[in-house]
Amino acid sequence: MSTTPVNTADQPQIGTARVKRGMAEQLKGGVIMDVVNAEQAKIAEDAGAVAVMALERVPADIRKDGGVARMSDPDMIDGIISAVSIPVMAKSRIGHFVEAQVLQALGVDYIDESEVLTPADEVNHSDKWAFTTPFVCGATNLGEALRRIAEGAAMIRSKGEAGTGNVVEAVRHMRQINGDIRRLATLDENELYVAAKNLQAPYELVKEVAQLGKLPVVLFSAGGVATPADAALMMQLGAEGVFVGSGIFKSGDPAKRAAAVVKATTFFDDPKVIADVSRGLGEAMVGINCDTLPESERYANRGW
Amino acid sequence: MSSSTPVIGVLALQGDVREHLVALAEADALARPVRRPEELAEVDALVIPGGESTTMSNLALAFGMMAPLRERVAAGMPVYGSCAGMIMLAEKILDGRDDQQTVGGIDMTVRRNAFGRQNESFESAIEFRGLEGDPVHGVFIRAPWVESVGAGVEVLAELPAADGAESRIVAVRQGNLLATSFHPELTGDHRVHAYFVQLVAAAAR
């Protein structure tokens, strides 16, 4: 269990670290799907998604269209909130704390401070402790994950390369984060100070991870998941759940593929189930080879 | 450990399964995850964890778990449900999806997400009848409440009325079935799980 601050007051308290992190615990073993309208949100809910991510364009289209990608239109977010009963997440730009304030005012259940949108601040991420709405942030390694947690993130996801349909970067990030954690757990207590220096992360969080053998918040995978087998791969690599972006609604049969990814995430260690749900799904999204992406188009480099 | 020690499953289709397994272990129970009908057949009792009730219901139907769950509940298997698990044990739900199915078993009507969206999720001390010591620390996350209960249902905890809001039922028991709106598995206080483990032991005798 994570060592979140204990509330000793008799009065009900909202926005505590425990209810923020606890919300993510409830999403574990589940799939969070990118949707751009109420109709897609309903398809996601019908398929068994644990939450939806409301955004104006899926990452594949953001890549295609170029330009500045921003927070979604409040009307569109409202439409999705009223269409489904499951939690609704939405993205703010990195460091754009006013977009985050707007999303909180709209009543979204989780804010993704996301590298998929164009960063608004090249130095600072948003101060996430200032919000009652919890935040999820992307990370490529343990140090980055802990810097986001220090800023108040209540959930971490791998960055991957969103919108490519190529899982290779998500695999790299998940292996990196979990490998970093395993290495930390082998260190002597005296060695944790230097480990904190090398990770560029607060010592207290480094010590907590070394003791727990895991992050103090939930860790999901994101970026490039396109098939049920991709989702199961991320779960077997230690993800506690999966975000799927363009992979569903850029495919031939979104409803069927969405349900298949949900089932493969629950039965991630059962190849027979994964084989069954992978039959007859129609076309997967085409996908992009990440090594042909110019550095300037790599989302994982955004945020630090 | 005797071979007759009851085994408690945790329904592992989705949700905070790990936290319940840890809490049960700390309450000296034998616990294991359950995803398939044959695994359900091997346990003496079950915890339905917190999570997303629509997802759990969907997966329970897709993988042939709903009918065996209902049969076991009807046959008297002890079950504890927290949050989404409470919804799964309700005979009737409000603000669910139109086609949302539950396991049922407790004669109550439960309102989904009744305390509001995540912004309104909260922590509060709760007096829990039958537990000794300090009040239980209730963690309510997009939590349901019990709108009404039938004659055979014992109310174990209520959130007191405050700021013009009515008091709300947040923990109930009917026979071998126990349900809470909140998440004791997130607090490190395992008294609610110990209460359930005792209930399971009594049912096994």
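Between chain B and chain A, 29 residue pairs are in polar contact, counting pairs with both residues at pLDDT 80 or more. The model is predicted. On the side of chain B that touches chain A, two or more residues each come from α1 (17–26), α3 (53–62), β7 (122–126) and β8 (136–140) of chain B. The element that gives the most to this side is α3(B), with five residues. By class, the side of chain B that touches chain A comprises 11 nonpolar, 15 polar and 13 charged residues.

In total, 39 residues of chain B contact 47 residues of chain A. The two chains bury about 3,500 Å² between them, and carbon and sulfur atoms give 49% of this area. Eight salt bridges are found across the interface of chain B and chain A. A salt bridge joins the side chains of E123(B) and R18(A), with an N to O distance of 3.6 Å.

Within chain A, helix α13 (residues 271–278) has V273(A), I274(A) and V277(A) as buried residues. These residues lie on the same side of α13(A), because they cover an arc of only 100° around the axis. In an α-helix, residues three or four places apart point the same way, since there are 3.6 residues a turn. The buried residues of α13(A) pack against α10 (228–236) and α12 (254–266) of chain A. On the face of α13(A) turned away from the buried side are the exposed residues P271(A) and K272(A). After α13(A) comes G280(A), which has a positive phi, near 60°.

Key
Residues numbered from 1 in each chain as written. Chains lettered and ligands numbered in written order. Predicted model: local features only at pLDDT ≥ 70, side-chain atom pairs only at ≥ 80, totals over all residues. Heavy atoms only, no water. Buried < 20%, exposed > 50% of the residue type's maximum accessible area, 1.4 Å probe, protein only. Helix = DSSP H or I, 4+ residues; strand = E, 2+ residues; numbered from the N terminus. Arc of directions from axis to C-beta. Contact = heavy atoms within 4.5 Å. Buried area = accessible area lost by both parts, 1.4 Å probe. Salt bridge = Lys/Arg side-chain N within 4 Å of Asp/Glu carboxyl O. Polar contact = N/O pair within 3.5 Å; in protein donor to acceptor, adjacent residues only side chain to side chain. Nonpolar A, V, L, I, M, F, W, Y, C, P; charged D, E, K, R; others polar.
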